[in-house]
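Hello,

As promised, here is the structure for you to open on your side. My notes on what turned up follow below it.

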Number of protein chains: 6
Amino acid sequence: MPELSDACLAAMRRVSTATLTTALFKRGLRNVFMQGVRPLRAYEGNLVGPAFTLRNIPAREDLDRIEGFANPEHPQRKAIETVPPGHVLVVDCRGETRAASGGDILMTRLAVRGVAGMVSDGGVRDSASIAALAIPVYCAGPAAPLNLVAHHATETEVPIGCGGVAVYPGDLIVGDADGIVVVPAHLAEEIAAEALEQERLEAWILRRVQGGAKLPGTYPPDAETRAAYEAWRAAQNN
Amino acid sequence: MPELSDACLAAMRRVSTATLTTALFKRGLRNVFMQGVRPLRAYEGNLVGPAFTLRNIPAREDLDRIEGFANPEHPQRKAIETVPPGHVLVVDCRGETRAASGGDILMTRLAVRGVAGMVSDGGVRDSASIAALAIPVYCAGPAAPLNLVAHHATETEVPIGCGGVAVYPGDLIVGDADGIVVVPAHLAEEIAAEALEQERLEAWILRRVQGGAKLPGTYPPDAETRAAYEAWRAAQNN
Amino acid sequence: MPELSDACLAAMRRVSTATLTTALFKRGLRNVFMQGVRPLRAYEGNLVGPAFTLRNIPAREDLDRIEGFANPEHPQRKAIETVPPGHVLVVDCRGETRAASGGDILMTRLAVRGVAGMVSDGGVRDSASIAALAIPVYCAGPAAPLNLVAHHATETEVPIGCGGVAVYPGDLIVGDADGIVVVPAHLAEEIAAEALEQERLEAWILRRVQGGAKLPGTYPPDAETRAAYEAWRAAQNN
Amino acid sequence: MPELSDACLAAMRRVSTATLTTALFKRGLRNVFMQGVRPLRAYEGNLVGPAFTLRNIPAREDLDRIEGFANPEHPQRKAIETVPPGHVLVVDCRGETRAASGGDILMTRLAVRGVAGMVSDGGVRDSASIAALAIPVYCAGPAAPLNLVAHHATETEVPIGCGGVAVYPGDLIVGDADGIVVVPAHLAEEIAAEALEQERLEAWILRRVQGGAKLPGTYPPDAETRAAYEAWRAAQNN
Amino acid sequence: MPELSDACLAAMRRVSTATLTTALFKRGLRNVFMQGVRPLRAYEGNLVGPAFTLRNIPAREDLDRIEGFANPEHPQRKAIETVPPGHVLVVDCRGETRAASGGDILMTRLAVRGVAGMVSDGGVRDSASIAALAIPVYCAGPAAPLNLVAHHATETEVPIGCGGVAVYPGDLIVGDADGIVVVPAHLAEEIAAEALEQERLEAWILRRVQGGAKLPGTYPPDAETRAAYEAWRAAQNN
Amino acid sequence: MPELSDACLAAMRRVSTATLTTALFKRGLRNVFMQGVRPLRAYEGNLVGPAFTLRNIPAREDLDRIEGFANPEHPQRKAIETVPPGHVLVVDCRGETRAASGGDILMTRLAVRGVAGMVSDGGVRDSASIAALAIPVYCAGPAAPLNLVAHHATETEVPIGCGGVAVYPGDLIVGDADGIVVVPAHLAEEIAAEALEQERLEAWILRRVQGGAKLPGTYPPDAETRAAYEAWRAAQNN
């Protein structure tokens, strides 16, 4: 898995998940936006980083006991300690909203370690404390019960499903107020460039619409509108 | 469809959807409040206006391609351009939360055109930008994917279902913090008058309850309480 | 049912529902957190009080007419008037989100009567007005339709289900930003003491983690960490 | 609660639940058919009998232990022993499909006691054995786990919800291949007579349609068709 | 819309819906199989015919009264009388399982008129009687309540959604024991030919697998297997 | 993982899943019965065998193309070829009912290989053909679309969730008409012996109940009843 360029990451911090889903749709990818996964509060700027994955299966009462957390090899605890800085911990909770993916101590540890964020299709506990942290957390909402009520963590860095979307380790995770889009690693560079250009165009179109332009010919732009945009772009660059 | 009076519209701007559902319940209408449709943020005052409808069916991959939006007759784009000022665009998304009904450029165009608001039982994209607009938007929540992922717009101004409620073109849409109620056009004038009077009564009752009055005899008012209210009302009018 | 001690209630006002679910999990109770029940807004401090229950079954059109509210023995109205101050009214709405458990007049009456709060797995109407009250209200969200659309109130002070959890009259209800946990009455005293101590420990651990401590050995604490904590605790108490 | 006449019961054994829902709809009752409740197999003839109700709330691990069944006052076991012959045991399982309402021993006991049938919006265990019994059982489908996994039986002969419908003790339960309709006790006599007559008319109409009659004028019958039917009826009675 | 050839229809009667979904998947169509729509019983042979559509929106109590059926222009009744012989009536019930799309008199009329079948994502009433008819009926299951409880029929022969799939008038409907696939009209001829050939190949492969062949090289066939098949096919044709 | 004894397997073929869930409940295991997983038809005798697992995540359009099946290492195809005879293939489909886990060729290959059965919380295609096979298949029901519409197979023999239950490779799968129970491997021997004995007792109790015995004292048996049973058992063994 190649490193993503700084330009790619910088672009991804500025573009919307809406624009990214359109760029992926043009390439035949229709199922890239997580369902039921929301930011815990409004965060400034996008969540951006490669996915580091953690998988859960349903809990079993004789295996999933509270003593297990004392084991430093417990996959959930190990995931928190090993997700690389700048990456996003993505947790497969099978859309189970009854239990938490973690609480404020774990999220604080992620923040201290420089992790970019946490994404789960399960809940979080201590939600008010977590919402006070700078680290962006996307989840299915608050859920006080500890994860052992519903989950057995199995391993990290395998392909998972989260919010109904396939997530492979290293896929680029991008989150804004709408939610989370998963950009396949091999497409991230080209999508970033395209999306950034599309956002510039749409910002220009938005100003036209604010000024009273009708949609036909403007959005999507016809040849005339596009020429006007290109002229404006050229002027901007001088 | 007769025009609604200014008095009706003014009353509807002041009454709650709760009061309206009660007035409709008294006439045998029990299913008038949209399910799963929420305001994108807290708006000042009610959303009020006659419904202008747009219908969607499930998308089909060979028909619903991004090039289609260039066609000025595309029903979604045409709906945005033709919904009359003061009306509410109501979009039947079959309760599908995976995709957007529209994004910030379309919502801005509605606002510029003087449309009263947008109501959908699907999602919206660019939700943060749309929440910054003055125009009230009610929907199932944020969803970044473009509408083509799930929807094929068919036509406007036909009866539709939205949030599980029948919406006929011209029905009066009223929205507040609770959500959206659909008032059948032929009942709007009488319901508005009744609801306004009911709100006056309930505001007076609320003050009594704040002052320590017990519910029995007060809410609903018995003859004595009602007489006290009528006396207060008469005094107010002098 | 014995009275709960002031110490128990005071502790319960300070601990999180997350900590309480863990303490109950250690005793084999896994299903104690209500599903789909959320605070209507962020409240300061926990909702704490013994449960006073109200049961509903589905409405029937010939029985559940608006005139019924004039009867002071109507169970919903009677519940509002009889729930003791300091208690929490817990309403079984079978998870039905289409209709309200009550509106602003009823919630105001609860507040005036000194009731601790209201918890329902149904909706509330007049949600903006209710959110402006000091009394904490937990529910499935706003729903304008009156309760008669969906509910027939049967009686008070019987065991009910709410949000998928068993609630016996007198069980201790505790709510924070995550939601509502039901603490069986016979466990409340011992759980309160244990949870308070656990919170102290976790606050100390959190500061360690904020300072860079790794999870292994810290959370859960190993013997060394626990000794450090005990030393700190001892120092605190001097 | 008055006894139902033999004529009423006999009529109810012959009419369809479809016809009954229409008769109730004409009286303003729209929510009378249980959702998600199906016959375990095809039974000959209708299930007919007054409702004897059993209520469940969610289980709690410390209360709902297998030893409890040894108590002859356990409400589930007591219900089985006390439901009168000819009645229908109707069990409120809150639509929970994860656990059983009972198994083959309990259903056999009901059959031996002359109970008319069992209706639950939960599951049943030993479903193959129960399907081999003559006693009709309607439920949400097979579910092997014992009821204690999900249910705590509270009491009998109170109003309940089952399959989303209000059931008052003594309401008449009627089941056929479509499912279960609940006929309020006070309407049972008049509905039975009306439904029986409607079925005679529809059987006659069906033969006309089989013979090639068009729907308009035939179904519903216009004056001419109705006259033809009345003539046929008169001839039948001679 | 061109007529479909007899060869196309004959092929469609022999191929499985599984094979058809694969052929459509190869052309980029992934959402062609109705969800929650099942045959009422096992039917001999496939249901095959062009779609004739009927649309419903949610009922409204003041509009949807039983007297409306006397109007020969009522869209549901008109649909029954006007769907051409050999076509399939496809009814959009928005996946609503609480009410019926129709009962035995209407289904009998369809059968008498030579209609190929009925498909609905709602229920049917009189399900035992309908299951006794030769005409294939696919639906969401039995539901006794009349359609007016939930539906208002709007018009026929417009594009609809059914079981989550787009259905355009004239699309080819094919049903077998698995359920219903919608083949877009413009693809029906080529898909029929391809599917028939694929079925021949898979029947041959199945015999190989029954005889002990391993999957690799056999399914899908590698060059060697395909050559063996072609040789067998050539021999068959001699 | 130790081999299971022939006595264990023989016992498991005779006991019901209901009895097994009770035995597991007594050991604190409450979540052992798969939800939404049903036998495709009535099978003679129980499905019994150790689990061999296959995991799926959501499909991605650029990865999950039909050409992939030609690869003999494709995990789904490899699973079919490598599940040991006598084992049960258990497939994690995340409860997704839109697509098939496999079709008749794959199920035939399993049968030819001597595999005990297939269990999936997704659908199957060619359901009528599969129902005609002797090999028992448990699933969420028929679904014609190929698995690539929804699934990407990742690997075999890892812990998975299926029907909401944890399944570890080697856990004992037991299925009857009610559905599937997962018996943890380490408990299988003791559970088998206990369940067999419990079934003998319950068969004897059932005969008593058929003969008119009341539940109290009989089920569960009190000391007197248990003595009678033991006497009968002793007599049997002579």
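**What was found**

In chain A, 75% of the contacts with a separation of 6 or more are between residues 24 or more positions apart. Two residues are in contact here if their C-beta atoms, placed from the backbone, lie within 7 Å.

A word on conventions before the rest. This is a predicted model, in which local features need pLDDT of at least 70 and side-chain atom pairs count only at pLDDT 80 or more, while totals for chains, interfaces and linings use all residues. Residues are numbered from 1 along each chain as its sequence is written, and chains are lettered from A and ligands numbered from 1 in the order in which they are written.

On confidence, the model has an ipTM of 0.96 and a pTM of 0.98. For chain A the mean pLDDT (the predictor's confidence in each residue, from 0 to 100) is 97, with 99% of its residues at 70 or more. Where pLDDT is low, predicted coordinates should not be read in detail.

Now to chain A itself. Its C-alpha trace spans about 70 × 35 × 30 Å along the principal axes. Chain A holds seven helices and ten strands; these are DSSP runs numbered from the N terminus, with helices being H or I of at least four residues and strands E of at least two. An automatic or database domain assignment divides the chain into domain 1 (30–183) and domain 2 (191–237), and the C-alpha centres of these two domains of chain A are 37 Å apart. Of the 238 residues in chain A, 56% count as buried, meaning that 20 or more other C-beta atoms, placed from the backbone, lie within 10 Å of the residue's own.

Finally, the interface: 25 residues of chain F are in contact with 25 residues of chain E. On the chain F side, α3 (75–82), α4 (104–112) and α5 (127–131) each supply at least two residues, and α4(F) gives the largest share, five residues.

Best wishes

Methods
Buried ≥ 20, exposed ≤ 12 C-beta atoms within 10 Å, placed from the backbone.
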